[in-house]
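Please keep the sequence and the model in view while reading.

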Amino acid sequence: MLIAKVIGTVVSTIKHPAYHARKIMLVQALHLPGEKPDDAFVAVDLAQAGVGDVVLVCQEGGSTRQIMGLKDQPVRSSIVGVIDSVHLTRGE
Amino acid sequence: MILGQVIGEVIATIKDESVHGHKLLITQLINHKREPIGRPQVALEVVHAGVGDFVFLVRARDASFAVVPNAPADLAIVGVIDHWDTIDPGSLELPFGETWFA
């Protein structure tokens with residue numbers, strides 16, 4: 001899973017039925033000091049996250065389908081938690 | 001899932017039976033600032049997207065579920081985007097030590 005920030009929302013009227021009534025967000029991964037940020041990507045919100053929240057993102061289709069109660073549907077990334085705090089060490 | 005913009009169409013008369021009736025569209029993957037990511041790719045279309053549309057797509061194994069039975073596709077357009085709003089995320093750097101976001 002990834003630690004990412006919700007940076008926006010996506011509005012889509014015509015979408016695959018798997019996404020029906022789901023909130024679709026733009027998320028961008030946080031990175032270690034000195035590294036460059038990755039590009040933002042699209043994720044289904046399964047944790048009532050809001051724009052600006054730091055969240056836990058699952059980037060695997062099987063897990064996302066299982067949480068959404070779907071089988072054989074074209075989904076992949078999902079927001080599965082809203083993060084309160086992290087504690088990061090230098091690995092020494 | 002990722003953002004993209006449809007920039008062209010592919011006509012292929014002879015293709016796998018499971019994707020009959022579905023268009024193949026040339027799509028440029030983009031980031032939220034509309035900057036291109038990599039080369040344009042051909043995507044299977046299931047939501048009536050057209051040239052010029054901004055869309056979101058699924059890749060790899062997940063794309064094969066866009067059409068049932070499992071389609072021979074590794075990129076599928078699964079939504080036409082009306083618009084997206086973004087905030088300025090500020091720094092995305094996660095500092096060492098303890099950080100509270102709430």
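## Strands, helix and interface

In chain B, strands β3(B) and β5(B), the latter covering residues 75-80, run parallel and are joined by two bridges. Within this pairing, Glu45(B) has Ile77(B) of β5(B) as its bridge partner. Strand β3(B), residues 41-45, also pairs with β2(B), residues 24-30, here in the antiparallel sense and over four bridges. Leu25(B) stands opposite Ala43(B) of β3(B) in that arrangement.

The model is predicted, and the predictor's own scores should be read first. For the complex it gives an ipTM of 0.87 and a pTM of 0.90. Chain B has a mean pLDDT of 92, and 100% of its residues reach 70 or more.

| Strands | Sense | Bridges |
|---|---|---|
| β3(B) and β5(B) | parallel | two bridges |
| β2(B) and β3(B) | antiparallel | four bridges |
| β1(A) and β6(B) | antiparallel | four bridges |

**Chain B as a whole.** What is the secondary structure of chain B? It comes to one helix and seven strands, and along the sequence these follow the pattern β-β-β-β-α-β-β-β. The radius of gyration of chain B is 17 Å, well over the 13 Å that the globule rule gives for 102 residues, so chain B is more spread out than a compact globule. The C-alpha trace spans about 55 × 25 × 25 Å along its principal axes. Of the 102 residues in chain B, 34% are buried. If one takes the contacts in chain B between residues at least 6 apart in sequence, 52% of them join residues at least 24 apart.

**Where the chains meet.** In the complex, 43 residues of chain A are in contact with 40 residues of chain B. On the side of chain A that touches chain B, β1, β2, β3 and β6 of chain A each supply at least two residues. The largest share, seven residues, comes from β1(A). By kind, the residues of this side of chain A divide into 22 nonpolar, 14 polar and seven charged. Strand β1(A) also pairs with β6(B), residues 83-86, in the antiparallel sense over four bridges. Here Val11(A) stands opposite His83(B) in β6(B).

**The helix of chain A.** After α1(A) comes Gly69(A), whose phi is positive, near 70°.

**A loop residue of chain A.** Gln48(A) is found in the loop between β3 and β4 of chain A. Is Gln48(A) buried or exposed? Gln48(A) counts as exposed because it has 9 C-beta neighbours inside 10 Å, and a residue is exposed if that number is 12 or fewer. Gln48(A) and Lys23(A) are 25 residues apart along the chain, and their C-alpha atoms are separated by 8.6 Å.

Note on methods: Residues are numbered from 1 along each chain as its sequence is written. Chains are lettered from A and ligands numbered from 1 in the order in which they are written. This is a predicted model: local features need pLDDT of at least 70, side-chain atom pairs count only at pLDDT 80 or more; totals for chains, interfaces and linings use all residues. pLDDT is the predictor's confidence in each residue, from 0 to 100. The radius of gyration is taken over C-alpha atoms; the globule rule is 2.2 Å times the number of residues to the power 0.38. A residue is buried if 20 or more other C-beta atoms lie within 10 Å of its own, exposed if 12 or fewer, and partly exposed in between; C-beta atoms are placed from the backbone. Two residues are in contact if their C-beta atoms, placed from the backbone, lie within 7 Å. Ala, Val, Leu, Ile, Met, Phe, Trp, Tyr, Cys and Pro count as nonpolar, Asp, Glu, Lys and Arg as charged, and the others, Gly among them, as polar. Two strands pair if DSSP finds at least two bridges between them.
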